[in-house]
Amino acid sequence: MSTASRRRLIRDFKRLSSDPPGGVSGAPCGDNIMIWNAVIFGPGETPFEDGTFRLLLTFDEQYPNKPPTVKFTSKMFHPNVYANGELCLDILQNRWSPTYDVAAVLTSIQSLLHDPNPNSPANSEAASLYSNNMKEYIRRTKKRSNKSNIANDLSNLSIQSAQIPQAPQYSQEYSSNALLWLSMALTPASLDRNTQVHEHVLRYNGWVSASHLIKHTPFLNQLKPFNGQQQLISQHIRNDPDCGLECMLDGTRGICIRRADTLDMDLDVDEMSVYLQGLPLSLSTYQGVFDFLKDKVPEIQSLHFPRLFSKGSDATGVYRGMVFVSFWSTSDASSVLTKWPWLSGTSAVNSSKNQIRSLSVQRWNELQEEYTAYCNKIRQQNQSHRAQLCAAAETHQSSMQSTSNTIDPDVKSQNNQDQTPQQPQFPSGCVLELTDVDSTTSKPAIRADVLKAVDQSELAYIEYTKALSLAVIRFTTSAAAAKAQQALGGEIISGIREANYWNSIPERLRLQALEKSGQASIDSEIPADSSEQGGLQSGLRVDAEDNKTKKKRRKSNKGDLVAGDV
């Protein structure tokens, strides 16, 4: 019989299957859509971390207008869980809303494990320990969790999605690819770069939690095999005995997998790896790159996108036609280096945009060290030159002050009366200079940080020179520059350095900036004989040649091998 509540539960299940929240899973029991089994994996950095906790959800025909009855079937020691497993949770009582679905219920319970509410206790002993003796609370919680979690036997897993007609059906091709990626995540090359997974593999005799593996492996986190649902992963592994993987259900870590074969984890991965450049940009994903390469190169052990100095790319890397590929032997790597040699000179410039070329990872590392040393050298030169400019500016200012002091006071007073106050030729105090910028950042990342401090209308321009670790940021007003300085640090440039910066800006833009700043109108005249402006113009001439050098230097910094580490 189809009712409104049953139709709603079917929609809830489809949503939970297609877009599951992290760390939770659930499905109806057999053919009864009104009773669900669920599993919550303990949140990280809590006493429940790496734990697996089972729940029973019971619905009636008033759902979603009435909340389900929810209780833990695993034994729990928690301030808001009664001895019989029922929960003291507001959304299951007086704060329930028909907009909540099963996914929302499970994620709320997961949040409760992370942040208990001792002011509304269901277990007074746990609440008291949580408030007054956290060390003992953690010990008791972990002890109870270890005893009550599911036994190490997959046959006891009650969430059998294969019995659910609405469970997602994956093609044979998709299943094979997904299992292949899971297997590749456990190769020596992948583990060499993934210390968080490698530690688990070493500690637990090759076994690693499926959720931990997906969370901490960049390409699995992107591909999300079987939507990250552990019961589906275990089901497909068991249905494909030739996939090269084994699975089990661990009492504290949930479903775990490992490779069926025994691999030498002490291999020199660098000797078997190459860097490829010039791949089609349209590939974009790990699966696309793998499909493109698999018929052109020997068997691939692992793929890895390089980091490209962009915010948030530390884990996953960014695809820009470049990839590190690890093979199963040094001879395989050598054959790829022979097939796609790295050309040098003019021919490399003409061919690199259209042809694949390769470098050994050892050579890549050498070039990276050379590039880092070059950047450090330029940075030191820039800092030295900046110090010289500051010293020259201070000397010039002192000289001007001394000259002014020698002028007869009566003459100085007469000159001041004869002169009409003049507006500056550029807005002062609007340029912020950031030095020693993190080399792994990017211009968009700097912009995002700046916009946390000022409005978008107050930001005029950002100039970022990666090799010098230098960012010069122009604002529409001095007040905006001051706000950004308070948030980001750095120095608001002045004097000769400020004049030198504005002299490099086209006059039209300079006058527009002056008008926006409110410091003068766009028709303002510039004094020809002002002693202060004359001093600034003198400073401009001192640094004219340096501007040309910087432009050449920035141009020379644009190369192919500026993309992160291996």
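**Note on the predicted model**

1. Cysteine 390 counts as partly exposed, because its relative accessibility is 26%, and the range for that class runs between 20% and 50%. This cysteine is part of helix 14, which covers residues 361–406. Glycine 495 is 105 residues away from cysteine 390 in sequence, yet the two C-alpha atoms are 9.2 Å apart in space.

2. The structure is a predicted model, and the points here should be read with that in mind. The protein has 566 residues, of which 45% count as buried. Its secondary structure consists of 21 helices and 15 strands. Taking contacts between residues at least 6 apart in sequence, 67% join residues at least 24 apart. The accessible surface is about 28800 Å², and carbon and sulfur atoms account for 47% of that area.

3. Cys88 carries the feature "active site" in UniProt, in an unreviewed entry. Where is cysteine 88 placed? Cysteine 88 sits in the loop between strand 4 (69–72) and helix 2 (102–114). Its relative accessible area is 16%, and it is therefore classed as buried, since the cut-off is under 20%. Leaving aside residues up to four places away in sequence, cysteine 88 touches Asn80, Tyr82, Gln93, Leu112, Ser120 and Ala122.

4. Helix 5 (residues 172–184) packs against helix 11 (residues 286–293) at an angle of about 95 degrees, and their axes are 12 Å apart. The two helices are therefore roughly perpendicular to each other, because angles of 65 to 115 degrees fall in that class. On the side of helix 5, the contact is made by Asn177, Leu180, Trp181 and Met184; on the side of helix 11, by Tyr286, Gln287 and Phe290. Of the residues in this contact, five are nonpolar, two are polar and none is charged.

5. Some backbone geometry deserves a check. Most residues other than glycine have a negative phi, and most peptide bonds are trans. The peptide bond from tyrosine 63 to proline 64 is cis, with omega near 10 degrees. Proline 64 belongs to the loop between strand 3 (52–58) and strand 4.

6. Lysine 224 is not a glycine, but its phi is positive, at about 50 degrees. Phenylalanine 226 is not a glycine either, and has a positive phi of about 55 degrees. Lysine 224 is in the loop between helix 9 (218–223) and helix 10 (230–239), and phenylalanine 226 is also in the loop between helix 9 and helix 10. Is each residue buried or partly exposed? Lysine 224, at 35% relative accessibility, counts as partly exposed, whereas phenylalanine 226, at 0%, counts as buried.

Conventions:
Residues are numbered from 1 along each chain as its sequence is written. This is a predicted model: local features need pLDDT of at least 70, side-chain atom pairs count only at pLDDT 80 or more; totals for chains, interfaces and linings use all residues. Side-chain values use heavy atoms; hydrogens and water are left out. Helices (H or I, at least four residues) and strands (E, at least two) are DSSP runs, numbered from the N terminus. Buried means under 20% relative accessible area, exposed over 50%, partly exposed in between (1.4 Å probe, protein chains only). Contact means heavy atoms within 4.5 Å. Accessible areas come from the Shrake-Rupley method with a 1.4 Å probe; for residues, only the protein chains shown count as cover. Axes are lines fitted to C-alpha atoms, for helices over the stretch in contact, and angles run from 0 to 180 degrees between N-to-C directions. Angles under 35 degrees count as roughly parallel, over 145 as roughly antiparallel, 65 to 115 as roughly perpendicular and the rest as oblique. Ala, Val, Leu, Ile, Met, Phe, Trp, Tyr, Cys and Pro count as nonpolar, Asp, Glu, Lys and Arg as charged, and the others, Gly among them, as polar. UniProt positions are given in the numbering used here, feature names are shortened, and annotations may be inferred rather than shown by experiment.
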